[in-house]
There are 2 protein chains.
Amino acid sequence: MKATLSDKVIKRLTLYHFILTECINHGLEYISSPKISELLNIDNSQVRKDVKLLDNQGKCKVGYSVRELKESIEKKLGFKQKKDAFIMGAGNLGTALLKYDDFKDYGLNILAMFDNDPLKTGMIINEKEVFHVSKFPELVKKMNVEIGILTVPSKYAQDCADFMVKSGIKYIWNFAPRVLKAPKSVKVWNENLIGNFLQFIVNEDVRNEEK
Amino acid sequence: MKATLSDKVIKRLTLYHFILTECINHGLEYISSPKISELLNIDNSQVRKDVKLLDNQGKCKVGYSVRELKESIEKKLGFKQKKDAFIMGAGNLGTALLKYDDFKDYGLNILAMFDNDPLKTGMIINEKEVFHVSKFPELVKKMNVEIGILTVPSKYAQDCADFMVKSGIKYIWNFAPRVLKAPKSVKVWNENLIGNFLQFIVNEDVRNEEK
DNA sequence: TGCATATCGTGATTTTTTTCACAAATTTTA
DNA sequence: TAAAATTTGTGAAAAAAATCACGATATGCA
């Protein structure tokens, strides 16, 4: 039985993965925990504790094998397990995500996009088709898709989410700036861009005011 | 002197704000902490503790005034203080963010976008102009812009960040899936979409495997 | 009025996360 | 070869965050 990883650990592991990818691009074979921690402004023992969760061994005086550590992270976070997804809402954000090929490296495989605008229906964007919403339930079942990415305007978000749930979607990645309700059996991730942004701007403002 | 708020508190406050906006749309005057906590799957005393940081008072048996609570959050997080920003990288994501008018409600005011592609230069998107990168340093100074939103492909991200720093940018909101280096005087927020996504998908996979 | 109920406010407790500190191991250098 | 330097691995301590528990207070109704 695998232990579950906390959100914080998962986030750090993806950051380590960014760094390791960079190391490979530069031909580095080993990297030490103090080096990683310095790049992320965290404590170096934190890095070692995270790595330990991966059953990965380091070498004293040298550090960790970049290739091995990268692979351990990919394995632990399931980058190789393909996760099929549909996008609901062919606006700017939906289209941007559909074109964002980097997702594939992490196992997220976006298959198609849906919208209720007949003008958008039938378009091919980044080799993926835009379907009319009415096709959604049928295609979810046929292609066995569990993940729905919600990029519709805020006011339609809840209705769309309900529709996705009814269609059999199990995970909703919601980009609308609102909190969605869903049954316990469906997991919703409210991506809160503005909240993330404020996290880095708010306390700085306060600091300036103190001066 | 204001106390600084932890990232977690800021994130929750923005979620409360989403809920309060929804309440206003539905004409609700009061909302209780158990109600909010239920919508977010958190403990109800957590909500009360967060609200307390806002110097806001609730009414026993009734809850909090929706309007007052919403205003306190807006004040505390500075939604009314305009924060000017430039976008670097006129790709899909940059364009999506430029068109995303919701940011304005939170004080984030995107003024223009920059790219090194001469074909994109001069375009007007959502009433905002796309300039050539070479204009960036001049306009940063002229318009006194402190925030740069980085939406260029990963491999150019560090060079662009360096350029932004040299131009006088103080906050970088980085959407490229990599960790950026910057001097201590510049604050970088590595927006890690894939990390956020994995946070809600990884442990679920584990749970399924356990069955 | 008086009782039942729902909520706030908050101190105490528990849990989680981060930091500290140091032994053991390995490499480099003199 | 021996000393110096650097890193891992990890138990202990500290700090931060979340949860629990309950008194105080307000509301509604018999």
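Me: How many residues does the contact take from chain A and from chain B?
Reply: The contact takes 54 residues from chain A and 54 from chain B. Two residues are in contact if their C-beta atoms, placed from the backbone, lie within 7 Å. This is a predicted model: local features need pLDDT of at least 70, side-chain atom pairs count only at pLDDT 80 or more, and totals for chains, interfaces and linings use all residues. Residues are numbered from 1 along each chain as its sequence is written, while chains are lettered from A and ligands numbered from 1 in the order in which they are written.

Me: Which helix gives the largest share of the side of chain A that touches chain B?
Reply: Helix 8 of chain A, with 15 residues. Helices (H or I, at least four residues) and strands (E, at least two) are DSSP runs, numbered from the N terminus.

Me: What rotation superposes chain A on chain B?
Reply: A rotation of 180°, with 0.0 Å of shift along its axis and an RMSD of 0.1 Å. The same surface serves both copies, as 100% of the contact residues of chain A recur in chain B.

Me: New topic. In what order do the seven strands of the open sheet in chain A run?
Reply: The order is 5-6-4-3-7-8-9, with mixed pairing. Two strands pair if DSSP finds at least two bridges between them.

Me: Which strands stand at the edges?
Reply: Strand 5 (124–125) and strand 9 (187–190) of chain A. Each has a single partner strand, so one side of each is left without a neighbour in the sheet.

Me: And how many bridges join strand 7 to strand 8 in chain A?
Reply: Four, and these two strands run parallel. Gly148(A) stands opposite Ile172(A) in strand 8 of chain A.

Me: Now helix 3 of chain B. Which residues are buried?
Reply: Val47(B), Asp50(B) and Val51(B). Buried takes 20 or more other C-beta atoms within 10 Å of a residue's own, exposed 12 or fewer, and partly exposed is in between; C-beta atoms are placed from the backbone.

Me: Why are they on the same side of helix 3 of chain B?
Reply: Because they cover an arc of only 100° around the axis. The arc is that of the directions from the helix axis to the C-beta atoms. On the other side of helix 3, Ser45(B) and Lys52(B) are exposed.

Conventions
Copies are superposed by least squares on the C-alpha atoms of residues with pLDDT of at least 70 in both.
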